[in-house]
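Please look at the sequence and the 3D structure below.

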Amino acid sequence: VVLVGLGSTVWAFVGPKVWKWLHRISITLLLILAIWMGIVAFQASGPALFTYEPTYEISIAEGIDVVAAMPISWAPLVADYGRFVASPMGSFTGTYVGYFIASGLFYAIGSISNAGIGAPDPISLLAGIGLGIPALFIVIFSSLTTTFLDIYSAAITLKNVWVKAKLDKQIILAGALGTILALGFPMERYEWFLLWIGATFYPAFAIIITDYFLVKRRYVADELLEVKGRYWYKGGFNYVALICWVLGFLIYLGLVYSPAYTYMGATIPTIAVTALIYYVIARLTR
């Protein structure tokens with residue numbers, strides 16, 4: 001954990017110019033290893049795939065929440081990382097297609113492994129048949145190629161709040177805190193971690209999308225900043241949005257703990273309700 005944390009921090013520290021070739025090499029190797037892992041999982045599963053009986057441990061609505069939390073966890077990063085692309089359409093297409101392929105591939109591998117031989121973790125499957133080294137490389141490459149972006153995004157977010165903050169120092173701080181948290185994080189609680197991500201980010205992006213497409217109807221870059229470099233909101237903050245985000249956060253968690261969660265889930269209702277609340281209040285307070 002410490003070595004991966006250190007490597008990810010250094011990777012984030014060197015900047016986008018070095019990322020380009022490092023990322024191409026690591027992603028190519030990771031894709032090859034992932035396809036290999038998928039083949040191994042499929043061969044090990046064999047005919048059991050076609051006789052699998054669902055266990056119904058979670059409902060479809062609950063499954064949607066867990067799956068949906070993965071892409072939204074990267075949404076804050078899209079703007080930070082996507083600003084280096086040549087065009088807006090390239091940013092959208094690359095993000096969508098890249099994430100669709102990667103998510104589809106890994107969810108398929110996990111499903112095959114779990115349904116075929118009852119191994120929810122395909123990495124342990126590889127290790128169990130003597131392929132520990134490739135399994136280790138998959139863990140390392142998947143960690144490095146994603147975690148350094150998390151560190152970079154966290155640093156950029158802090159700089160957005162404190163404009164005068166030094167980016168290099170923020171990267172070191174984010175990397176150190178992330179490594180410390182990883183040392184003590186209970187992996188068996190990962191599902192709840194995903195739900196907390198959903199509760200945090202889905203209300204926020206419901207508000208952002210509603211504000212951009214329905215309330216403000218696009219932004220003009222030159223109008224975003226005043227002379228002192230502050231957004232046009234009061235003191236630099238949109239307090240209506242912050243209040244609505246808190247409400248959305250509470251709605252999401254309330255649904256998770258409610259008896260209706262099995263049938264409704266939390267993601268889709270939270271998006272709809274938060275967007276509606278923000279739209280109504282924003283229109284009334286303009």
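Where is the place of Met264? Met264 sits in helix α11, which covers residues 261-264. This is a predicted model, and every value here is computed from it. Met264 is partly exposed, because its relative accessible area is 43%, a value between the 20% and 50% cut-offs. Along the chain, Met264 and Glu62 are 202 residues apart.

**The chain as a whole**

The chain has twelve helices and zero strands. From the N terminus on, the order of elements reads α-α-α-α-α-α-α-α-α-α-α-α. The chain holds 286 residues, and 34% of them count as buried.

Another pair of positions involves Ala79, which is found in helix α4 (residues 75-82). Is Ala79 buried or exposed? Ala79 counts as exposed, because its relative accessibility is 54% and the cut-off for exposed is over 50%. Twelve residues of sequence lie between the positions of Ala79 and Ser91, counted as a separation. Their C-alpha atoms are 9.0 Å apart in space.

**Two patches on the surface**

Now turn to the surface. Which residues gather in a patch of positive charge? They are Lys216, Arg217, Arg283 and Arg286. Take Arg217 as one member of this patch. Arg217 lies in the loop between α9 (190-215) and α10 (239-256). Arg217 has a relative accessible area of 57%, so it is exposed.

A nonpolar patch is also found on the surface. Its members are Met89, Phe92, Tyr96, Val97, Phe100 and Ile101. Together they have about 700 Å² of accessible area. Phe92 belongs to helix α5, residues 88-117. Why does Phe92 count as exposed? Its relative accessible area is 53%, and exposed means over 50%. Phe92 also takes part in an aromatic cluster, together with Tyr96 and Phe100. These three residues are listed in the nonpolar patch as well.

**Aromatic pairs**

How many aromatic pairs does the count come to? The count comes to nine. One of them joins Tyr190 and Phe193, with ring centres 5.8 Å apart and planes at 35 degrees. That pair is tilted, because its angle falls between the cut-offs of 30 and 60 degrees. Tyr190 and Phe193 are three residues apart in helix α9, so about one helical turn separates them. Tyr190 is partly exposed at 32% relative accessibility. Phe193 is partly exposed too, with a relative accessible area of 36%.

Trp245 and Phe249 form another pair, with ring centres 5.8 Å apart and planes at 35 degrees, so this pair is tilted. Both residues lie in helix α10. They are four residues apart, about one turn of the helix. Is Phe249 buried or exposed? Phe249 is buried, because its relative accessible area is 17% and the cut-off for buried is under 20%.

| Residue | Relative accessible area | Class |
|---|---|---|
| Tyr190 | 32% | partly exposed |
| Phe193 | 36% | partly exposed |
| Phe249 | 17% | buried |

Terms used. Residues numbered from 1 in each chain as written. Predicted model: local features only at pLDDT ≥ 70, side-chain atom pairs only at ≥ 80, totals over all residues. Heavy atoms only, no water. Patch = residues over 30% accessible without salt bridge, like charges linked within 9 Å, V, L, I, M, F, W, Y side chains within 5 Å. Areas by Shrake-Rupley, 256 points an atom, 1.4 Å probe, with all protein chains shown as cover. Salt bridge = Lys/Arg side-chain N within 4 Å of Asp/Glu carboxyl O. Lys, Arg positive; Asp, Glu negative; His and termini not counted. Charge placed at Lys NZ, Arg CZ, Asp CG, Glu CD. Helix = DSSP H or I, 4+ residues; strand = E, 2+ residues; numbered from the N terminus. Buried < 20%, exposed > 50% of the residue type's maximum accessible area, 1.4 Å probe, protein only. Phe/Tyr/Trp six-rings, centres within 6.5 Å; stacked < 30°, edge-to-face > 60°.
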